[in-house]
Amino acid sequence: MIAAWFCHTLVLWFWHAAGPYDAAVEHGGLHLLEHASFAGTALWFWQAVLSRSARRRAPALALLATFAMALQSVFLSALLTFARSPWYSSYRDGAGRWGLDPLADQQLAGLLMWVPAGAVHLAAGLYVLHHWLGADDPTPTRPTAPWPAARS
């Protein structure tokens with residue numbers, strides 16, 4: 001789980017650095033690699049956190065990993081949203097097509113990354129917490145009667 005968290009965090013920050021981001025926008029193969037690495041490390045991370053075995057073996061670690069990933073995403077999103085100048089040259093070139101200035105385009109992207117991703121992290125964290133508190137415990141919560149119920 002820790003390795004999956006580390007790799008997904010590294011991929012998230014790497015591809016949001018100006019050089020790799022602009023290179024991926026300009027070159028189709030890199031763009032495909034960027035999204036494949038996002039998808040691959042995200043699948044690895046979420047499988048490690050949300051699997052039944054992870055929830056049973058290390059629920060506190062699963063919850064901590066989810067929270068730590070949410071912090072990475074929120075911090076990056078906030079940096080993009082509240083930046084005073086555009087980070088990427090591709091925003092300078094492409095934002096005009098949508099009627100936005102480059103900084104507004106980047107700020108909108110930061111908000112889109114912040115709010116939906118935050119909802120996913122919150123939902124996942126609540127799911128892990130729910131199961132940690134015993135929701136998937138197969139033992140019954142109230143005792144069963146030692147004899148069959150009377151029929152009327």
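Trainee: How much accessible surface does the chain have, and what share belongs to carbon and sulfur atoms?
Mentor: Keep in mind that this is a predicted model. The accessible surface of the chain comes to about 9800 Å². Of that area, the share belonging to carbon and sulfur atoms is 69%.

Trainee: What share of the residues in the chain is buried?
Mentor: Buried here is set at under 20% relative accessible area. The chain has 152 residues, and the buried part of them is 35%.

Trainee: Which pattern does the chain follow along the sequence?
Mentor: There are seven helices and zero strands in the chain. Reading along the sequence, you get α-α-α-α-α-α-α.

Trainee: Among contacts between residues at least 6 apart in sequence, what share joins residues at least 24 apart?
Mentor: A contact here needs heavy atoms within 4.5 Å. Take the contacts in the chain between residues at least 6 apart in sequence; the part joining residues at least 24 apart is 68%.

Trainee: Okay, on to the rings. Is the pair of Tyr21 and Tyr88 stacked or edge-to-face?
Mentor: The structure holds six aromatic pairs. In the one formed by Tyr21 and Tyr88, the centres are 3.9 Å apart and the planes make an angle of 25°. Planes under 30 degrees apart meet the cut-off, so the pair of Tyr21 and Tyr88 counts as stacked.

Trainee: How many residues apart in sequence are the parts tied together by Tyr21 and Tyr88?
Mentor: Tyr21 sits in helix 2 (residues 18–26), while Tyr88 belongs to the loop between helix 5 (59–81) and helix 6 (89–94). The pair therefore ties together parts whose separation in sequence is 67 residues.

Trainee: Is Trp87 buried or partly exposed?
Mentor: The Trp87 and Tyr88 rings have centres 6.0 Å apart and planes at 70°, so they pair edge-to-face. Ring pairs link Tyr21, Trp87 and Tyr88 into a cluster. With a relative accessibility of 29%, Trp87 is partly exposed.

Trainee: Which element gives the most to the lining of the largest pocket?
Mentor: That pocket holds about 260 Å³ of space. Two or more lining residues come from each of helix 1 (2–15), helix 3 (28–50), helix 5 and helix 7 (102–135). The element giving the most, with five residues, is helix 7.

Trainee: Which residues is Ser73 in contact with, leaving aside neighbours within four places in sequence?
Mentor: Ser73 is in helix 5 and also lines the largest pocket. Its relative accessible area of 8% is under the 20% cut-off, so Ser73 is buried. Once neighbours within four places in sequence are set aside, its contacts are Leu12, Met113, Ala117 and His121.

Trainee: How far apart in space are Ala3 and Phe45, C-alpha to C-alpha?
Mentor: Ala3 is in helix 1, and a relative accessible area of 42% makes Ala3 partly exposed. In sequence, Ala3 and Phe45 are 42 residues apart. In space, C-alpha to C-alpha, the distance between Ala3 and Phe45 is 8.5 Å.

Definitions and conventions: Residues are numbered from 1 along each chain as its sequence is written. This is a predicted model: local features need pLDDT of at least 70, side-chain atom pairs count only at pLDDT 80 or more; totals for chains, interfaces and linings use all residues. Side-chain values use heavy atoms; hydrogens and water are left out. Rings of Phe, Tyr and Trp (its six-membered ring) pair if their centres lie within 6.5 Å; planes under 30 degrees apart count as stacked, over 60 as edge-to-face and the rest as tilted. Helices (H or I, at least four residues) and strands (E, at least two) are DSSP runs, numbered from the N terminus. Buried means under 20% relative accessible area, exposed over 50%, partly exposed in between (1.4 Å probe, protein chains only). Accessible areas come from the Shrake-Rupley method with a 1.4 Å probe; for residues, only the protein chains shown count as cover. On a 1 Å grid over the protein atoms alone, a cavity is a set of points where a 1.4 Å probe fits but cannot get out, and a pocket is an open set with protein on both sides within 12 Å along at least five of seven lines; lining residues have an atom within 4 Å of a point. Grid points are joined across faces, edges and corners, and a volume is the space filled by probe spheres set on the points.
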